[in-house]
Amino acid sequence: MQMSPVRQAELHSDLKIQEKDELQWKKIKVEGLDENGEKEAQLRRNFNVILAKYGMDGKRDTRPMESNSLKDHDSREGDMFEDPRLDKLWNKAKGSGKFSDEELLSLKREFQHHKDKIHEYSILMDTISRTEEIHKNVISPLEGEAKEQVLQHKHTDLKQKMRDLNQGFERLRRLSHEGFTEDSDFHEPRVIELWEAARRSNLTEDELDSLKEELRHFETKVEKHSHYQEQLELSHQKLQHVEALGDKEHIKRNQEKYNTLSEKTREMGYKMKKHMQDLSNKILRSGLKHNEL
């Protein structure tokens, strides 16, 4: 597969998270805590999503081979986000004169993040449709109420993701019309998303203050990871250049640097995604706890 170094590192991080979740599930299963198979079904679904996300599910990937959002140039002017609503909003914001070059880059990252979430939602919907079709044609150990619970959980997951998409688009629409405010708490799209979810989850002021501090540390981690992704991309380009020149010593030095950066980027990517997973779960648990009270 022709996959960019950054995308390879992302795949490595996602698989590592999946492996950790599966090991955790095996312990739960031994303790008899997944009787209805809900967690197992979710893990299988997550793995299918990873396969589809990276074009490894045997289906033709309709996305461009290089989906590296680090690149600043527009691949197709006027149609860069592959979604009419996003493209219309982006072109309007870009031509409004409200944003500096730096702000436009930040806004573009937000749009790219939303585009990725739309793609992930489509993959999840497709994965659920296919697994439901398979379940109709095989005798499943999950029958009656247990099977119904698993299906209900899947559709609850889809509904939540659709709500997140709608809220994300509304935020982009607001940003495009009003611009960035100087007192914005965060700048990274993933961190903003977590913060807005926390604010909707009925947490107390003290809990929100504590979480805000944790999110600031997390944002630093996200920014550092983005920097390493950029360095990895540049290192790969340089390696290709020196390989074309054929100087063995030069190639060796650049290969060593590239390998070190690749390993570091994968490691940081895993830690960042693990931290994000922990924060998401923490916000979700806190929201459920307060709803029960």
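User: Which residues does Asp 157 touch, not counting residues up to four places away in sequence?

Analyst: A contact means heavy atoms within 4.5 Å. On that criterion, and leaving aside residues up to four places away in sequence, Asp 157 touches Arg 45 and Leu 124. Two conventions apply throughout: this is a predicted model, in which local features need pLDDT of at least 70, side-chain atom pairs count only at pLDDT 80 or more, and totals for chains, interfaces and linings use all residues. Residues are numbered from 1 along each chain as its sequence is written, and side-chain values use heavy atoms, with hydrogens and water left out.

User: What is the mean pLDDT of the protein?

Analyst: pLDDT is the predictor's confidence in each residue, from 0 to 100. Its mean for the protein is 82, and 81% of the residues reach 70 or more. Over residues 62-76 the pLDDT is below 50, although this stretch has 23 contacts in the model beyond near neighbours in sequence. Where pLDDT is low, the predicted coordinates should not be read in detail.

User: What should the 41 residues of helix H7 span?

Analyst: The expected span of a helix is 1.5 Å times one less than its number of residues. For H7 (residues 205-245) this gives 60 Å, and the end C-alpha atoms are 60 Å apart, so the two agree. Just after H7, Gly 246 takes a positive phi of about 85°. The 16 residues of H2 should span 22 Å, and the end C-alpha atoms of H2 are likewise 22 Å apart.

User: Which residues are buried in H2?

Analyst: An α-helix has 3.6 residues a turn, so residues three or four places apart point the same way. In H2, the buried residues are Ala 41, Leu 43, Arg 45, Val 49, Ile 50, Ala 52 and Lys 53. After H2 comes Gly 55, with a positive phi near 65°. In the loop between H2 (38-53) and H3 (84-94) lies Glu 82, which has a positive phi of about 55° although it is not a glycine. Glu 82 is partly exposed, at 40% relative accessible area.

User: Which residues have the most contacts inside the largest nonpolar core?

Analyst: A nonpolar core is a set of buried Ala, Val, Leu, Ile, Met, Phe, Trp, Tyr and Cys residues joined through side-chain atoms within 4.5 Å. The largest has 16 residues, and those with the most contacts inside it are Leu 194, Ala 198, Leu 211, Leu 215 and Phe 218. Two or more of its residues come from each of H6 (189-199), H7 and H8 (248-292). A second, separate core of 13 residues includes Phe 81, Leu 86, Leu 107 and Leu 172.

User: What joins the side chains of Lys 273 and Asp 14?

Analyst: A polar contact is a pair of N or O atoms within 3.5 Å; within protein, one must be able to donate a hydrogen and the other to accept it, and residues adjacent in sequence count only if both atoms are side-chain atoms. Such a contact, of 2.7 Å, joins Lys 273 and Asp 14. Lys 273 lies in H8 and is buried, with a relative accessible area of 14%. Beyond residues up to four places away in sequence, Lys 273 touches Glu 10, Ser 13, Asp 14, Ile 17 and Tyr 54.

Notes:
Helix = DSSP H or I, 4+ residues; strand = E, 2+ residues; numbered from the N terminus. Buried < 20%, exposed > 50% of the residue type's maximum accessible area, 1.4 Å probe, protein only.
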